[in-house]
Amino acid sequence: MTSDWLHPGLLYILGAALIPFLRNRVRQVYLLLIPLLALLYVVSMLFDSQPGSSHWQFQFIGLDLILGRVDKLSTLFALVFTTMSLIGSIYSLHLRATGEHVAAYLYVGSALGVVFAGDFFTLFIFWEIMAFASAYLVFAQRGEPARAAGVRYLLVHISGGLCLLAGIVIHYAQTGSSVFGPIVNSGGLAFALILVGFILNAAVPPFNAWLTDAYPEATVTGAVFMSAFTTKTAVYVLLRSYPGTDVLVWLGTAMAVYGVVYAVLENDCRRLLAYHIVSQVGYMVAGVGLGTALALNGASAHAFAHILYKGLLFMGAGAVIYMTGRRKLTELGGLYKVMPLTLTLYMIGAVSISAFPLFSGFVSKSMVVAAAEHDPRAWVFLLLTLASAGTFLHTGLKLPYYMFFGNNHSVSTERIIKTAQSLEPPINMLVAMAIAALLCIGIGVFPNLLYTLLPYPVDFEPYTPAHITGSLSILLFTALGFFLFLKHLDPEQTISLDTDWFYRKGSRIIMWLANNPIARYEAVVSELVNTTILRFLHTCAALGLWIDIRIIDGIVNGLAHTVLRCGEKLRHMETGVLSHYALGMALGIVLSAVLYAAIGFGLGFGPGN
Amino acid sequence: MISKLMRFIGDPTYTRRRWQLFIAALVLTVAADLLVTKGPAAFFWQHLPGWNALFGLVSCLLIIFISKFLGYRCGLMREEDYYDE
């Protein structure tokens, strides 16, 4: 164990403890200082670390805990996590609610804890802290929908956590090792349980609904943090433990399409973006499943790029919600006149996620798609390309169109637009968005900056003429389809059923079962007890009482009376005259002798024999 | 400048102009896609002329109509108070 290494996650977790004691400017400076220090430290790790070095190793109840495994993969994720936490902190700088800052810090700190964990038990502890800290960001929104969504979010994550823990314990019992590394597929339970625990956090269908249920209910600033950490931590652990697992190729491809299909129906702006997290994480999961160096690099690069552009998109939608108080596309529109800066910054995120040339998605997503092409897997390649058209359709066209341009907005939004000169959000929000936007462009223009950080050597050139014209053709003709069929895309005041139906309506089935058949059964049983069984017991008890009083007590009392009476008779025989006693004794001896002789003869073995 | 650009994109008075520019962009892109030299491809369709444009348009329509079909016909879309009942 080397002592000169510092855990960046600890900076956040310990740093969070001080936040409640700071006020105003001091707190704002502090909120920037911690992520800035962590970021600088992680940057220094990029230059310093020897590959594969481990720090902070402890023995605890016979387990080897490793808190600081530093290699290219963990540093890459730590770099983007600390960067995003700095952007998120700037974005939420105006917030007075201390609890949210503390929760966000604990959330980031524990995500870094997972990233640097070298063993499964350390991973599990930080995994659980993440779930609770992030749930607070939903509860902090207050109100019944947020409370209910927060409870569902926690319950799902606790179930996933239990699954993971069970898998870890079985894995440890079978192999005797808790090292967090690739898990050999022996068809065993441990392999499956840990995989389920991981893909639940990656929001792989059917375990995706916690994400699209909870993220839109979180606070404006909380959702920005949430969009970055949970799913990408899951991608990180999949990259570590399940590279080349074939089932992930299909799960990832399915979820890439799943997200875009659901996004068509969505009316809530942040839920639409949440479905695109599902879709984008699909590329990463598929990349992990493909398992080649290009695919794993692609999954890592896409996670890196995704955190920044998705953060930017959530910040843009959050700014609109913050300024207008409206979140449904049916209530928004026409904001381009009063929020041009927000719109521009949002659009940079939108073209990045859509993988336009010169923006970050173009250099990261294409690695995964190219890996599918090289494998070669025709269906995976086609479906991932289709999903990328869908991504542009929603985040690049539908959402900005109905949020900023469309004219089917509500009367109240119309009034807001007419009365306000400008509806741009506070400067800290704009600065945070601008930083994220610059990074999206930076990665798009200088992809090698990102490629040098990837876990494997990169042999991939995104900017070939064919790739540029091919991508632009797909995107622009998607736009043509959008404008031609615009009417069919008008948002509607509806919600869409997802797999959360099973536990939201399923709980009602359980309640119905409890209220109807089970309650009826209970009523029948108590009626039976009251009428038949209790009466029988009463009769038995009365009979027992009668026997007790009349027979048992009679015998006991009779015996007592007999003893008393005998005692009385004997007392009268005590005359006090010695001769009387001597006569009595002699009579007794004679009587005994006679009795002995009589019994002896009667039985045939008396003294005469 | 940003405000002017956004006004151009949003204001209905520029609709015609926007369509002209958009169609020009479509034509240019397809033309460029036909002209560029393509390297070795894993799948035969990647070399079909105009494949990417067609695939983009078809993907867009497929996503819209499959999704709407699932929403309307398969009962995925529900009233907003569905879970409150």
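Me: Does A:Leu497 count as buried or exposed?
Reply: This is a predicted model, in which local features need pLDDT of at least 70, side-chain atom pairs count only at pLDDT 80 or more, and totals for chains, interfaces and linings use all residues. Residues are numbered from 1 along each chain as its sequence is written, chains are lettered from A and ligands numbered from 1 in the order in which they are written, and side-chain values use heavy atoms, with hydrogens and water left out. Buried means under 20% relative accessible area, exposed over 50%, and partly exposed in between (1.4 Å probe, protein chains only). Because its relative accessibility is 10%, A:Leu497 counts as buried.

Me: Which residues does A:Leu497 touch, not counting residues up to four places away in sequence?
Reply: A:Leu497 lies in the loop between strand S3 (494-496) and helix H20 (500-573) of chain A; helices (H or I, at least four residues) and strands (E, at least two) are DSSP runs, numbered from the N terminus. Contact means heavy atoms within 4.5 Å. With residues up to four places away in sequence left out, the residues touched by A:Leu497 are A:Tyr262, B:Gly75, B:Leu76, B:Arg78, B:Tyr82 and B:Tyr83.

Me: Which residue in S1(B) is the bridge partner of A:Ser496?
Reply: S3(A) and S1(B) run antiparallel and are joined by three bridges. Two strands pair if DSSP finds at least two bridges between them. In S1(B), the partner of A:Ser496 is B:Met77.

Me: What area do chain B and chain A bury between them?
Reply: The contact draws 57 residues from chain A and 51 residues from chain B. Buried area is the accessible area (1.4 Å probe) that two parts lose on being put together, summed over both. Of the area buried between chain B and chain A, 73% is on carbon and sulfur atoms, and the total is about 4,800 Å².

Me: Which side chain of chain A meets B:Lys68 in a salt bridge?
Reply: A salt bridge is a side-chain nitrogen of Lys or Arg within 4 Å of a carboxyl oxygen of Asp or Glu. Across the interface of chain B and chain A, the rule finds two salt bridges. In one of them, at 3.6 Å from N to O, the side chain of B:Lys68 meets that of A:Glu492.

Me: Where is A:Thr413, and is it buried or exposed?
Reply: A:Thr413 is placed in helix H16 (residues 411-419) of chain A. A:Thr413 touches A:Arg326, A:Glu331, A:Leu332 and A:Gly333, not counting residues up to four places away in sequence. Because its relative accessibility is 0%, A:Thr413 counts as buried.
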